[in-house]
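How do the helices and strands of this protein pack against one another?

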Amino acid sequence: MIISPSAKNICNTCGVRYGTSIIPTICEICADDRQYLGFNGQVWTSYNELATKSTIRFSRLLSTIYDLRISPSFAIAQKAHLILSSSGNVLWDCLPFIDDQTIAFIRSLGGISAIAISHPHYYSLMQDWATAFDCPIYLHASDREWIKDPGGYIELWNGTTKKLWDNISIVHVAGHFPGSTILHLPDHGRAGCLLTGDSIYVAPSRRHMSFMYSYPNHIPLPKKDIEFIYERVHPLPFDAMYGAFEWMNIAEGARTIFERSISRHLSIY
């Protein structure tokens, strides 16, 4: 069941749905320095308006990982990822649209046992996804102030790591947001992989990575935040990395690129 399908409560620029009865004049997430207001000012849309033109496209990255994206692209146009695992499937990050065809396809693969979201820009329609699959949404507690669609499915967690099952872990890396996280899958791919959201941003060449406070506004992170990301990521076994956008797929050699990119960033300071 879609929550309030006719209400104009979805930001057209970031795709985050506001579940409160009073919608602000300006999206508070887009007004923050890490994002931006739309070039035509604040525009709100409804689920029903999106449903007239939107579908969700699935692509298989590995035997156990699909990516999902809205077609045609909407708002930030990020990917979400569905991880298949014997003890329960995990949805990493979220999309600002969901439909019956998507729900049916995911159920045919075993459903979703948990949703984990890297940072507030991708909170999107998290409550609708959780309602469809009756599963928890794991968000880091450091980002609680950015939750615009509160509800009983949200489970806040603190600390370094939230262990799920089958060796799958959510890892807190901070940086882009205080609560930014990545998903570590040591048993997927040739030698493990990371799903990074915007915490680690893969360049279009796929030979470089960046670590920014704001990507659209080109605001860098301070040195201590990049060092913190390195401290959290360096111990993790991985060879592949999948980011938030279509070009951000590194099937092998991701660790070498990560280490080299960290060194390059830190050399600037």
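## The helix pair

Axes are lines fitted to C-alpha atoms, for helices over the stretch in contact, and angles run from 0 to 180 degrees between N-to-C directions. In this predicted model, helix H5 (residues 223-233) packs with helix H6 (residues 254-267) at an angle of about 160 degrees, and their axes lie 10 Å apart. Angles over 145 degrees count as roughly antiparallel, and H5 and H6 are therefore roughly antiparallel to each other. The crossing in which H5 passes H6 is left-handed.

On the H5 side, the contact is made by Lys223, Ile226, Glu227, Ile229, Tyr230 and Val233, while H6 contributes Arg255, Phe258, Glu259, Ile262, His265 and Leu266. Sorted by class, the contact of H5 with H6 holds seven nonpolar, one polar and four charged residues.

## The sheet

Seven strands form an open sheet in the order S3-S4-S5-S6-S7-S8-S9, and their pairing is mixed. Strand S3 (55-62) and strand S9 (154-157) are the edge strands, each of them pairing on one side only. On average, and with direction ignored, neighbouring strands of this sheet are turned by 25 degrees against each other.

Within the sheet, strand S7 (residues 114-116) and strand S8 (residues 137-140) pair in the parallel sense over two bridges, and Ala116 has Tyr138 in S8 as its bridge partner.

## Helices on the sheet

Helix H3 (residues 100-108) lies across S3, strand S4 (65-71) and strand S5 (80-83), and runs at about 30 degrees to S3. Helix H4 (residues 126-133) also packs on the sheet, where it touches S3, S4, strand S6 (90-92), S7, S8 and S9, and the direction of H4 makes about 145 degrees with that of S8.

Notes
Residues numbered from 1 in each chain as written. Predicted model: local features only at pLDDT ≥ 70, side-chain atom pairs only at ≥ 80, totals over all residues. Heavy atoms only, no water. Helix = DSSP H or I, 4+ residues; strand = E, 2+ residues; numbered from the N terminus. Parallel < 35°, antiparallel > 145°, perpendicular 65-115°, else oblique. Left-handed = near helix turned anticlockwise from the far one by under 90°. Contact = heavy atoms within 4.5 Å. Nonpolar A, V, L, I, M, F, W, Y, C, P; charged D, E, K, R; others polar. Pairing = 2+ DSSP bridges.
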